[in-house]
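Hi there,

Here is the structure I promised to pass on to you. Have a look at it first, and then read my notes below.

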Amino acid sequence: HIKASCKLNGIEAYYSAGYGIAIAEGSLSISLKNCMLHDNIRAGLYSNAESGPSTKISIDMCKFFSNLKGLILNTSIVSFLNSSVFENEYGICTHSSEIKITACDFYSNHEIALLVQPGTNCSLESCAIGGPKSIGANDVDELELNFPSKWHNGVGITASSSSKLAANECF
């Protein structure tokens with residue numbers, strides 16, 4: 001049970017029947033650095049403060065891969081730096097959160113790389129978010145052939161109408 005804050009450095013959370021790491025209480029401060037969260041049935045990281053105050057999460061130099069969802073962030077304030085989200089069904093799913101994503105890579109997520117749901121304010125800076133597996137326009141076939149296949153996501157970013165999304169220097 002975490003009272004107020006927790007720092008996790010260099011941990012590997014994997015093969016859970018649920019979540020690699022689950023944060024279910026608000027008013028916490030969590031830091032993850034150099035961690036790998038993978039092969040978890042539901043998600044690598046799950047945060048849900050429910051009706052309480054937001055959980056503050058700092059993530060730096062981490063990898064989230066081969067989970068159903070890389071991260072589920074509900075009612076959270078998140079700083080996400082220098083990390084990779086790949087080979088999940090969904091990369092990041094966020095709802096009612098503040099999330100700043102800087103210098104992160106999203107690739108080979110089968111459905112959606114980043115799902116920004118209602119009440120979320122999300123900013124991306126200097127991130128690599130691969131395009132869809134198929135672009136859908138006949139005259140863009142050459143672009144599809146020249147685009148590295150490892151970067152393909154089912155859909156890059158999906159944002160709801162009641163969310164805010166800003167992107168700067170992303171590709």
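How many bridges join strand β3 (residues 19–23) to β6? There are 4 bridges between β3 and β6, and the two strands run parallel. Strands and helices here are DSSP runs numbered from the N terminus, with at least two residues (E) for a strand and at least four (H or I) for a helix. Two strands pair if DSSP finds at least two bridges between them.

Before going further, please keep in mind that this is a predicted model, in which local features need pLDDT of at least 70 and side-chain atom pairs count only at pLDDT 80 or more, while totals for chains, interfaces and linings use all residues. Residues are numbered from 1 along each chain as its sequence is written, and side-chain values use heavy atoms, leaving out hydrogens and water.

The pLDDT is the predictor's confidence in each residue, from 0 to 100. Its mean over the chain is 84, and 82% of the residues reach 70 or more. Over residues 134–148, though, the pLDDT is below 50, and this stretch has 10 contacts in the model beyond near neighbours in sequence (a contact means heavy atoms within 4.5 Å).

Back to the strands. On β6 (residues 43–48), Ser47 stands opposite Ile23. Strand β6 is also joined to β9 (residues 69–74) by 5 bridges, again in parallel, and Tyr46 has Ile72 in β9 as its bridge partner. Of the 6 residues in β6, 6 are buried; buried means under 20% relative accessible area, exposed over 50%, and partly exposed in between (1.4 Å probe, protein chains only).

There is an open sheet too, made of 7 strands in the order β1-β4-β7-β10-β13-β16-β19 with parallel pairing. Its edge strands, β1 (5–9) and β19 (164–168), each pair on one side only. Within this sheet, β4 (residues 29–33) and β7 pair over 5 bridges, and Leu32 has Ile59 in β7 as its bridge partner. Thr55 lies in β7 (residues 55–60) and counts as buried because its relative accessibility is 0%. Its C-alpha atom is 9.8 Å from that of Ser5, 50 residues away along the chain.

Finally, the cysteines. The whole structure holds 0 disulfides, a disulfide being a pair of cysteine sulfur atoms within 2.5 Å. Cys122 is buried, with a relative accessible area of 1%.

Enjoy exploring!
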